[in-house]
Amino acid sequence: MTGRAFTLALIQTNAMAEVADNVAFVTAQVRAAHRDGARFVLTPETTGLMAPNSAALFERTRPEAEDTALAAFRALAAELGIVLLIGSLAIKVAPDRLANRSFLIGPDGGIQARYDKIHMFDVDLPGGESYRESRNYQPGAQAVLADLPWGRLGMTVCYDLRFAHLYRALARAGADFLSVPSAFTRQTGEAHWHILLRARAIETGCFVFAPAQCGRHANNRETYGHSLVVSPWGEVLADGGAAPGVTLARIAPEAVAEARARIPAWAGDQCFTPPETVSRATQDDGVEPAISA
């Protein structure tokens, strides 16, 4: 870890059913964040599309090499010279199957890492809300660790947050920061969002960066918002509230070592065996996945 402080931005969005509109909104917010000094910008889960139903979802998704949102975001990162984490895009990997894929894009526009969401959101909530992510998406099979100019990033997505062993594996493999781009429902967010994110930070001694969707979407789903930056000591450094916009935070990477020195429990679990293989990502040409899915 370099120890150099940097400015981070979380983009909070209310994604709808038109990819071009979502890309335009996010692009404007990323530019605003860059003007305010951000050098690492993160967007939520399903940044490109929140479709009203499965038919519309498959109609508007493409394989990675043909995805217009990804191409636009790669060009934007290169133009601004920033590190850009696109929380996730729905990427077609088969005629009837998608990947919920997070992309880390470098300041040259190259894809530095990909992570396919491992844990599928298949739940029935009180009040009649029901979700079956596994109907359309195939789960990932590897945890992913990627190098940033300021330290190492462990990549996760939304529902992964409830599975502490994944974060333990990433921390023990060298993560200093954890990304949790999300589209938490309002109901589960009100109950668990802040608690879970603070817990993952405390357990691992990592910074947690969690950009979120907010508001009501085209599929009538209501998401919680409250994009959070949490310190390795479990302090909430920034909260994006309930509306779309940009949340900025100043990150001091040395806080990771300080927190772990105070409470070294993250490294002392001798009985722990990570259930997922952690992959060190390497930059490639952005066409073929760098990790297995």
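This is a tutorial dialogue on how to read several features of a predicted model.

User: Where should I begin with the sheet, and in which order do the strands of this open sheet stand?

Analyst: The model is predicted, and in it 6 strands form an open sheet in the order S5-S4-S3-S2-S1-S16, with mixed pairing. The edge strands, each pairing on one side only, are S5 (111-116) and S16 (245-251), and from one strand to the next the twist averages 30 degrees.

User: How many bridges join S1 to S16, and in which sense do S1 and S2 pair?

Analyst: S1 and S16 run antiparallel and are joined by 7 bridges, with Ile 251 in S16 as the bridge partner of Phe 6. S1 and strand S2 (residues 40-42), by contrast, pair in the parallel sense over 3 bridges, and there Ala 9 stands opposite Val 41 in S2.

User: What can I learn from the two faces of S1?

Analyst: In a regular strand, side chains alternate between the two faces of the sheet. In S1, Phe 6, Leu 8, Leu 10 and Gln 12 lie on one side, Thr 7, Ala 9 and Ile 11 lie on the other, and all of them are buried, which leaves both faces covered. The count for the strand is that 7 of its 7 residues are buried.

User: How many aromatic pairs does the structure hold, and what is the geometry of Phe 6 and Phe 177?

Analyst: The distance of the centres and the angle of the planes together describe a pair of aromatic rings. The structure holds 9 aromatic pairs. The rings of Phe 6 and Phe 177 have centres 5.9 Å apart and planes at 85 degrees, so this pair is edge-to-face. Because Phe 6 lies in strand S1 (residues 6-12) and Phe 177 in strand S10 (residues 177-179), the pair ties together parts that are 171 residues apart in sequence. Phe 6 and Phe 177 are both buried. Ring pairs also link Phe 6, Phe 40, Trp 150, Phe 177, Phe 207 and Phe 209 into a cluster.

User: Are Tyr 159 and Phe 163 buried or partly exposed?

Analyst: Tyr 159 and Phe 163 form an edge-to-face pair, at 5.4 Å centre to centre and with 80 degrees between the planes. Tyr 159 has a relative accessible area of 15% and is buried, whereas Phe 163, at 24% relative accessibility, counts as partly exposed; the cut-off that separates them is 20%.

User: Which charged end sits over the ring of Trp 233?

Analyst: That is the charged end of Arg 262, which sits 3.6 Å from the centre of the ring of Trp 233.

User: Which residues of H5 are buried?

Analyst: An α-helix has 3.6 residues a turn, so residues three or four places apart point the same way. The buried residues of H5 include Gly 189, Trp 193, Leu 196, Leu 197, Arg 200, Ala 201 and Thr 204.

Note on methods:
Residues numbered from 1 in each chain as written. Predicted model: local features only at pLDDT ≥ 70, side-chain atom pairs only at ≥ 80, totals over all residues. Heavy atoms only, no water. Pairing = 2+ DSSP bridges. Helix = DSSP H or I, 4+ residues; strand = E, 2+ residues; numbered from the N terminus. Axes fitted to C-alpha atoms, helices over the stretch in contact; angles between N-to-C directions. Phe/Tyr/Trp six-rings, centres within 6.5 Å; stacked < 30°, edge-to-face > 60°. Buried < 20%, exposed > 50% of the residue type's maximum accessible area, 1.4 Å probe, protein only. Lys NZ or Arg CZ within 6 Å of the ring centre and 35° of its normal.
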